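Okay, thanks for coming, everyone.

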Amino acid sequence: MSHEVESMFPGNREVPWHKLGTVVEGRLNAADAIEAAGLDWTVVLSSIYTNWTDENDRPITIDVPNKYATVRETDGRVLGVVGQRYEVIQNEDLFGFLDAIVESDDAHYETAGSLRHGGTVWMLLKPNADEINIDGDRMEQYLLATTSHDGTSSVVVRPVITRVVCANTLALGLAESQSEFRARHTRSATSKIDEARTALRMTLRYRDEFEAYAKRLAAVEMSLSEQHSVVEKLVPAGETEREERIREKVRDSIFESLAGPFIQPNHKRNAWGLLQAVNDYELWTQGSDKTRSERQALKAVRGYGLTTRARNLLG
C-alpha cells in the first residue's frame, strides 16, 4: 500500500474512488468501523526537545516552547507538530459524532481509513436516499467526514457525489446550499445528535441543488469549438515552449476523456459532459505519481481545483 493511503475498509458494495481494503459485510457501528479500518488507536501530545551544545561544547537538551508532537500511541509514530492551543480529537470521537446518523437508519458506514501515515483520517457514509439521474448519468451521494492529527484540519463534513458508471467523485461548492460543515467537538450526546442532524440536512439540501445544477448544465448544448474555447480558458497557453507542450497535453487529455466511454453519448456535446470530462482527467490522469485510488481519496479530502475552475467557467 502506498505512503499516502495507510488503511481503509470498503463497505458491502463497490467502494467509491478506490478498491483498497477488506470487504466488510453489513452495516457497521462505530466500534466495528474503527477496528475494520485499522483506526483503533489514540493520539497523545508529547513535548518536543532539540539537542545543542553549550559554550563548553557540552551536549544539552532544549525544550521547544509552545510546540508539541502528536504521537500515535500504538507505535510511537509522530503524526505532526502543533501549537499549545491544539486539542486532540480522537478517532472514536469522530465516529461517535457520525453514529447518531447511522443509529437513526438515515445512513450507514461505507468506507473509512487514514491517509499520510495516519495524519488524516476519514469516514464515508451512504445516506438512504434515491440516486440522482441526469438523462441516464446515474449518481449516488455520500457524506464524507475527515479530520487530521497533524493540526492541518478540524473535523470537516461535506457531501460527495459519485458517478455510478466510473466511480468518479465530485464535491462542488454550490451557490445556495452549505457545501461544508465544520463540526463542534463536545462530549454532550445531545450536541452530537444535533450536529449529526445538521450534517444530514446539509447533505439532503446539497443533493437537491446539485441535481438542479447538473440538469441545467445538461441542457446547455455546446459545439466542439465552444468546448475547445472553454478548455483553452481553463488551461491557457504556456509562456514557454516546454510549458505549452505540457498544457497542450492536458487539454488533449480532457478531450480524450470527453470522447471516452465514461461520458455518455447524449452528454458529449453539452456543458455537463465537459465538466465530467475535466473531472475525469483530474481524478484519473493528473498526478501520475499516485495511484488512481490515491487520487480519488485525496481529491475528495483536499478538493477539486481544476474541476472547480471548470464549474466557474461553465456557470
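Before I point at anything, a word on naming: helices are DSSP runs of H or I with at least four residues, strands are DSSP runs of E with at least two, and both are numbered from the N terminus. Using that, Gly38 sits in the loop that links helix H1 (30-36) to strand S2 (43-53). Keep in mind that this is a predicted model, where local features need pLDDT of at least 70 and side-chain atom pairs count only at pLDDT 80 or more, while totals for chains, interfaces and linings use all residues. Residues are numbered from 1 along each chain as its sequence is written, and side-chain values use heavy atoms, with hydrogens and water left out.

Back to Gly38, then. The cut-offs are under 20% for buried and over 50% for exposed, with partly exposed in between, using a 1.4 Å probe and protein chains only. Gly38 and Gly113 are 75 residues apart along the chain, and their C-alpha atoms are separated by 7.2 Å.

Zooming out, the protein chain has eight helices and 11 strands. It runs to 315 residues, of which 50% count as buried. If we call heavy atoms within 4.5 Å a contact, then among contacts between residues at least 6 apart in sequence, 61% join residues at least 24 apart.

Now the inside. By a nonpolar core I mean a set of buried Ala, Val, Leu, Ile, Met, Phe, Trp, Tyr and Cys residues joined through side-chain atoms within 4.5 Å. The largest one has 30 residues, and Phe210, Ile254, Trp272 and Leu314 have the most contacts inside it. Strand S7 (132-134) gives at least two residues to this core, and so does each of the helices H3 (189-218), H4 (224-234), H5 (241-259), H6 (271-284) and H8 (305-314). H6 supplies the largest share, seven residues. There's also a second, separate core of 27 residues, including Ala30, Val43, Phe97 and Ile101.

Let's pick out Phe210, which is in helix H3. Phe210 counts as buried because its relative accessibility is 0%. Its C-alpha atom is 9.0 Å from that of Ile132, 78 residues away along the chain.

Next, H4. Its buried residues are Gln227, Val230, Val231 and Leu234. They're on the same side of H4, because they cover an arc of only 95° around the axis; that arc is taken from the directions from the helix axis to the C-beta atoms. Here's the background: an α-helix has 3.6 residues a turn, so residues three or four places apart point the same way. The buried residues of H4 pack against H5, H6 and H8, while the face turned away from them carries the exposed Ser225 and Lys233.

After H8 comes Gly315, with a positive phi near 85°.

And that's my tour. Which residues have the most contacts inside the largest core? If you want to find them again on screen, they're Phe210, Ile254, Trp272 and Leu314.
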